[in-house]
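The following exercises concern the two chains shown below. Each task is followed by a solution in steps.

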Amino acid sequence: MNSRSLQTTIIFLVVGGILALALGGFFGSASRQFSSVLIELQTWISSRFLGVQDFVSAPRDIASLRTRNAELETQVSQLQAQVIELQQRVNETEILAALVDFSRTNPESTYKAAAVIGRDPSPFLHYIIINRGSNDDIRRGMPVVTNQGLVGRVDAVIADAARVQLITDPGSAVNSSLQNAKTTAVTFGSVTGDISLDMISQNAVVQPGDLILTSGLGGGYPSDIPIGQVITLRSLEFQLFQQATIQPAVDFSRLAIVLVITNFRPVDIAPLEPQTTP
Amino acid sequence: MRNLVAFPLLALAVILQSSVVSQVKLLSGYADLPLIMIAAWALQERVKSTWHWAVLVCAMLGFVSKMPWPALVIGYLSIVFVAQALQKRVWQAPLLAMFSVTFIGTLFVNFLSFAALQVLGTNFPLGDVVGLIVLPSLLLNMLFSIPVYTFMRDLARWVYPPEEFE
């Protein structure tokens, strides 16, 4: 055995002996002090290293965080747009479901659904423009309804669109009947978009809340389509007729989808009307 | 050639008027975007195609609206006439001219519409028309007139570049 290997053997024995003594608990207080010093040293080095690491890598993290933030914001806005779109579809589906229910409960008529795509540019007139025209068999004079009630009638038609005169238009007049009073009257539109009932017989007993339907007289509209309800009645003894203000059945400010009754042909009674001779 | 921008631009204005502006109501009145655009266009110094634009917008509005077309034609051409007359006199204060034309034009077009519909048998109470349509429309038109004037001024510089006249 040469001197180098003897030296190595002695070192191993000494180290092994020290380890054995340490494991046996003979260096208890000394090893605790030593280890605490080591731990403090390591803690100090580690904290300094983390500080330096933060200092070096922080700008890169901010940049990546900003990028990530921008990505997430884009994603959020896309999701919000999707939510809005889906909400619109839900609303549209609800409207369509209501219209389908309405058409099922009124099977005597044939309906064509149309979306409202515009209104008359003039504030004096209450007309809407729908996205169905003569290509969809829409004809002038056809009544337009929703599941809530009467909307108006088709006034002009082109290939893929039509203009509808609302019953709120100042030029609109609809022959109506009061369901409870069993009498007829005429519903007029106005410049404000309100509708009123006129030409109610003085003998008729009308109450607020009475339902107003189309009478079908004159051949312009089918009968028994809801128009609205009586709000107030004005009856003056010196006038020929009573008048009433009406709460329309249809919310005309929120018209989105309407139904055109395509199997109704208006009757032109003008030739039957008496001519005035000078 | 750049004047052909009138077709898409005025078509867009009429579509916006029908689908968007007509929904933004103040009482029963709303702004008249084609009217303001024609007024602003007519007030631009170098523009020479104002009458064409006015006739074009009348044709488009007449196609969409139930309003009798003679009322539209008389109203819009009168606006061009007033605008050009004012432009020569108050050219140093274009915004003042714009406000004046919008004010006069709105009143004239609204009362012309009122008269035309009365003649055709639609009964309007004048008080309701003034209070619920004319005055609110006038206010909205005045509000819209400044941004529209700015836009039409920039458009006029593009359609009629200054170097063509130098």
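What percentage of the contacts in chain A with a separation of 6 or more is accounted for by residues 24 or more positions apart? Such residues account for 55% of these contacts, two residues being in contact if their C-beta atoms, placed from the backbone, lie within 7 Å.

The model is a predicted one, in which local features need pLDDT of at least 70 and side-chain atom pairs count only at pLDDT 80 or more, while totals for chains, interfaces and linings use all residues. Residues are numbered from 1 along each chain as its sequence is written, and chains are lettered from A and ligands numbered from 1 in the order in which they are written.

**Exercise 1. Describe the overall form of chain A.**

Step 1: elements. Chain A has 2 helices and 12 strands; helices (H or I, at least four residues) and strands (E, at least two) are DSSP runs, numbered from the N terminus. The order from the N terminus is α-α-β-β-β-β-β-β-β-β-β-β-β-β.

Step 2: dimensions. The C-alpha trace of chain A spans about 150 × 45 × 35 Å along its principal axes. Its radius of gyration is 43 Å, whereas a compact globule of 278 residues would have one near 19 Å. The radius is taken over C-alpha atoms, and the globule rule is 2.2 Å times the number of residues to the power 0.38.

Step 3: burial. In chain A, 26% of the 278 residues count as buried. A residue is buried if 20 or more other C-beta atoms lie within 10 Å of its own, exposed if 12 or fewer, and partly exposed in between, with C-beta atoms placed from the backbone.

Step 4: the first helix. Helix α1 (residues 3-23) of chain A reaches 30 Å from its first C-alpha to its last, close to the 30 Å expected for its 21 residues at 1.5 Å a residue. The expected span is 1.5 Å times one less than the number of residues. The count of buried residues in α1(A) is 0. Gly25(A), which follows α1(A), has a positive phi near 90°.

**Exercise 2. Carry out the corresponding analysis for chain B.**

Step 1: elements. Chain B has 6 helices and 0 strands.

Step 2: dimensions. The C-alpha trace of chain B spans about 55 × 30 × 25 Å along its principal axes.

Step 3: burial and contacts. Buried residues make up 41% of the 166 residues in chain B. Of the contacts in chain B between residues at least 6 apart in sequence, 73% join residues at least 24 apart.

Step 4: one helix in its setting. Buried residues of α3(B) include Trp53(B), Leu56(B), Met60(B) and Val64(B). The buried residues of this helix pack against α1, α2 and α4 (69-89) of chain B.

**Exercise 3. Characterise the packing of α5(B) with α6(B).**

Step 1: geometry. Helix α5 (residues 94-119) and helix α6 (residues 126-159) of chain B pack at an angle of about 150°, with their axes 9 Å apart. Axes are lines fitted to C-alpha atoms, for helices over the stretch in contact, and angles run from 0 to 180 degrees between N-to-C directions.

Step 2: residues. Among the residues that meet are Phe99(B), Phe103(B) and Phe114(B) in α5(B), and Ile133(B), Leu138(B) and Tyr149(B) in α6(B).

Step 3: composition. The residues of this contact divide into 13 nonpolar, 6 polar and no charged. Ala, Val, Leu, Ile, Met, Phe, Trp, Tyr, Cys and Pro count as nonpolar, Asp, Glu, Lys and Arg as charged, and the others, Gly among them, as polar.
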